[in-house]
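The structure is shown first.

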Amino acid sequence: MRTISPVGADENLSTDLSSAVSQEDFPVTNRILSAVLTAAFIAATGVGPAVAQESTPVKKVSPQQQKMKDCAGKWKAEKAAKQVSGQAEYRKFMSACLKR
C-alpha cells in the first residue's frame, strides 16, 4: 500500500488514492459483502416468496391428459413385462388403452 503525502502530491493524488484501496485487493470480501447485502435486501422486502409464487402457476390436468399419463405408465409396465419395443407397438398399445 502506498502512503499519500498531503504536501506537493496534487498531480499524483488521484492515482495514489485509486491504487491505495482497489477492488482487486479484496475480491472475496466484495463478493461476500455483495451476497450478504443482496440476501438482506430480499429478506427485508419479501421479494423472494412473491416471485416464487408468481412463477409456479397451478395447472389443471384435463381428463384426456390424465388418461394419456395413465396409459404411459401402463405402457412402461407392459414394456418391461413383455419386453416389447418399437413405435408400432407403442402406437398399437396407446390406441387400445385410450379407447378404454
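## Basis

The model is predicted, with local features needing pLDDT of at least 70 and side-chain atom pairs counted only at pLDDT 80 or more, while totals for chains, interfaces and linings use all residues. Residues are numbered from 1 along each chain as its sequence is written, and side-chain values use heavy atoms, without hydrogens and water.

Helices here are DSSP runs of H or I with at least four residues, numbered from the N terminus. Helix α2 spans residues 27-45. From first to last C-alpha its 19 residues reach 27 Å, close to the expected 27 Å (1.5 Å times one less than the number of residues).

Helix α4 has 20 residues and a reach of 28 Å, close to the 28 Å expected. Just after α4, glutamine 83 adopts a positive phi of about 55°.

## Packing of α4 and α5

The axes of α4 (residues 63-82) and α5 (residues 87-99) come within 10 Å and cross at roughly 130°; axes are lines fitted to C-alpha atoms over the stretch in contact, with angles from 0 to 180 degrees between N-to-C directions.

Contacts (heavy atoms within 4.5 Å) involve residues including Met68, Cys71 and Trp75 in α4, and Tyr90, Phe93 and Cys97 in α5.

## Disulfide

The whole structure contains one disulfide (cysteine sulfur atoms within 2.5 Å). Cysteine 71 is joined to cysteine 97, with an S to S distance of 2.0 Å. Cysteine 71 lies in α4 and cysteine 97 in α5, 26 residues apart.

The S-S torsion is about -90°, so this disulfide is left-handed.

Definitions and conventions
Helices (H or I, at least four residues) and strands (E, at least two) are DSSP runs, numbered from the N terminus.
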